[in-house]
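Please walk through the structure shown here, one region at a time.

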Amino acid sequence: MEGPYRVYFDRVPVPIAAVDGLGRVRDANPAFRLALARTAEELDGLHAEELLADGELEVQRPYWLGLALGRLNGYRSRMRLVRGDGAVIHARVSARVEPRANGLPWRAVAVLDEICPVAEALSPLQGEVLRLVAAGASNAQIARRLHLTRQAVDYHLVRLRARLGADSRSALAGRAFVLGLFVPGTWPPVLRTPASAGDHD
């Protein structure tokens, strides 16, 4: 980031990064470095896909190709990112392309907001719905167990799939296990509490 906006870029509390046409991070403000727990040296030249949690690249690739090929000027998406300390965070990313004179993208500027640890992104009710799904309960069983309507269960499942980036019921359960949202080695699944979510096994 150059010119008169440099001071704003460095001081704004919103995480912002610039990525070149090859997908490499070329600049990141202090707020972005703090959110990702990475130094400027660690981020410089790092391919953006290395910041994505497992399974996230397949979801984001079509959008990134659209930006790279000039088919999209920008997009917004929720995605899971990996911090330098290994923790997975959930963020809403807004990306816009700054085109070259010939119309090809030169760089994309990405802004992060609504950043939170994945486990904290779930309400207690959503966590219980997720736990029951992972245990193999049907929607009807979940509705009875939690005293919800079937429509309410469907609503929570849609929100959970969007939040965890899963396109099916089985993928939702698998993603939750991979992200460490459940206490390992227990059955039926036990959702980690906020206090235990940072534990390492």
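The paragraphs below take a strand, a loop residue and a helix pair in turn. The model is predicted, so local features need pLDDT of at least 70 and side-chain atom pairs count only at pLDDT 80 or more, while totals for chains, interfaces and linings use all residues. Residues are numbered from 1 along each chain as its sequence is written, and side-chain values use heavy atoms, with hydrogens and water left out.

Strand β1 covers residues 16–20; strands here are DSSP E runs of at least two residues, and helices are H or I runs of at least four, numbered from the N terminus. Five of the five residues of β1 are buried, so the strand is largely enclosed by the rest of the structure. Buried means under 20% relative accessible area, exposed over 50%, and partly exposed in between (1.4 Å probe, protein chains only). In a regular strand the side chains alternate between the two faces of the sheet. In β1, I16, A18 and D20 lie on one side, with A17 and V19 on the other. β1 pairs with β2 (residues 25–28) in the antiparallel sense over three bridges, where pairing requires at least two DSSP bridges. A17 has A28 as its bridge partner.

G84 sits in the loop between β3 (74–82) and β4 (88–99). Its relative accessible area is 48%, so G84 is partly exposed.

Helices α5 (residues 124–134) and α6 (residues 139–146) have axes that come within 10 Å and cross at roughly 135°; axes are lines fitted to C-alpha atoms over the stretch in contact, and angles run from 0 to 180 degrees between N-to-C directions.
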